[in-house]
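Please look at the sequence and the structure below before reading on.

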Amino acid sequence: MESLKIHKIIKTVKGDIKITGSKSESNRLLVLQQFYPNLKIENVSNSDDSRLMQKALESTGNEINIGHAGTAMRFLTAYFSVKENAKIVLTGSHRMKNRPIKILVDALRDLGAKIDYLEKDGYPPLSIEGKKLTKDFVEIDGNISSQYISALLLIAPTLKNGLQLKFKGEITSVPYIKMTLTLLAELGVDLTWDGDSISIHPKPIIEDKTVIVESDWSSASYYYSLCALSPNSEIKLSAYKKASLQGDAVLASIYKNLGVDTSFKEHSILLKNTGNLNASKLMNLNLIGAPDIAQTIVVTCFGLGMECYLTGLHTLKIKETDRLVALKNEIEKLGGEVFITNETLHLKSSKKIKENVSIATYDDHRMAMAFAPLALKTSIIIEEANVVSKSYPTFWEDFKKVTT
Ligand SMILES: O=C(O)C1=C[C@@H](OP(=O)(O)O)[C@@H](O)[C@H](O)C1
Ligand SMILES: C=C(OP(=O)(O)O)C(=O)O
């Protein structure tokens, strides 16, 4: 699928969607399943990133290409470093070769791992020779990506003496670290998080266990946006729970201020447009714990003509694309005004949205999905619309279901 033209939607958004499992939970559990084969996983994500992860873990070849999948790149670097006798090259897309991995590689090398850079220092591709790691203490910078920390935590219980991780500086995307720790604890791993240090005890085997992956909250964000932009709309999404491991579940409280009410019913959430919106209010949010929903929120505010000021966005520059620049470029094409720094984004309120603008997606699934709901306001074109498969392969079918 190349460009997708979406004609202005005149229907009230309504429907019932079952969303695939969280890609973050899935990619952690898939690694853990290699260490603990008696772990069963249900509702695994059907995203490209999780399929690539599964394929990599089953691969018998000596070169693995994980495309655009950041978590897979980081988690597999740690995984293959401890897989005795593994000798592999881990590579990815052009963008992946420009997403930093030095902090993780340095930490693994400090623990004794054998990893070499094949092109640019500090970036994939990597050559990894797996071996037994015997050290049990490492310091790591927590401000660039929490994925480095999760990667180390996932291998920690398989190390002979476990692992103590000490953080330098501030930690970013903390809910993702908590997700990793909660999943480890569910498998019976003993751990403590005390101030700037996490200790993981060794756990060579676990009891039989089945984990059901909750559906993906980041994917739910696009329905929150549709609901916010469509008066009287109602969407039911499954399968979700109130006590989520995913930080993006904060959507429910954020979108309350954008006129969407969330109610939990058994395994689903019901989103309803309440009509309760003060569009002259400024949306002021720190998204350091939920970076993946920044694009959705900015576009919703733009569609509602609201001003928004987001902070805590320093990780957006090193994701699938520089998401701060991408948002500014595309919203300005539509007639909006956006100011960015390295960690903030300020959207001015604007009343008009230009028609038939073609939105570039920069190989970033979230650019395509975040801009699609604007079709409730005006006809819009989404370029390279199939990028959505990175996290949500059936997005366009599901989008159609609730909008036509
Ligand atoms: O651990 C994870 O599953 C993720 C952590 C976050 O990355 P950063 O920690 O790099 O912000 C998030 O943006 C990414 O989509 C998934
Ligand atoms: C940043 C993302 O993924 P990753 O870092 O795993 O490529 C994302 O899905 O928005």
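Which residues are around ligand 1? They are Ser24, Thr71, Ser145, Ser146, Gln147, Ser150, Thr172, Ser173, Tyr176, Pro291, Asp292 and Thr315, where a residue is near a molecule if its C-beta atom, placed from the backbone, lies within 6 Å of it. This is a predicted model, in which local features need pLDDT of at least 70 and side-chain atom pairs count only at pLDDT 80 or more, while totals for chains, interfaces and linings use all residues. Residues are numbered from 1 along each chain as its sequence is written, and chains are lettered from A and ligands numbered from 1 in the order in which they are written.

By class, the shell around ligand 1 has 2 nonpolar, 9 polar and 1 charged residues (Ala, Val, Leu, Ile, Met, Phe, Trp, Tyr, Cys and Pro count as nonpolar, Asp, Glu, Lys and Arg as charged, and the others, Gly among them, as polar). Ligand 2, in turn, is surrounded by His68, Ala69, Gly70, Thr71, Asp292, Lys319, Glu320, Arg366 and Ser391, a shell that divides into 1 nonpolar, 4 polar and 4 charged residues.

The protein is assigned domain 1 (4-20 + 214-403) and domain 2 (23-212), with bounds that come from an automatic or database domain assignment. Ligand 1 lies between these domains because both give residues to its shell, and ligand 2 lies between them because both give residues to the shell around ligand 2. The C-alpha centres of domain 1 and domain 2 lie 29 Å apart.
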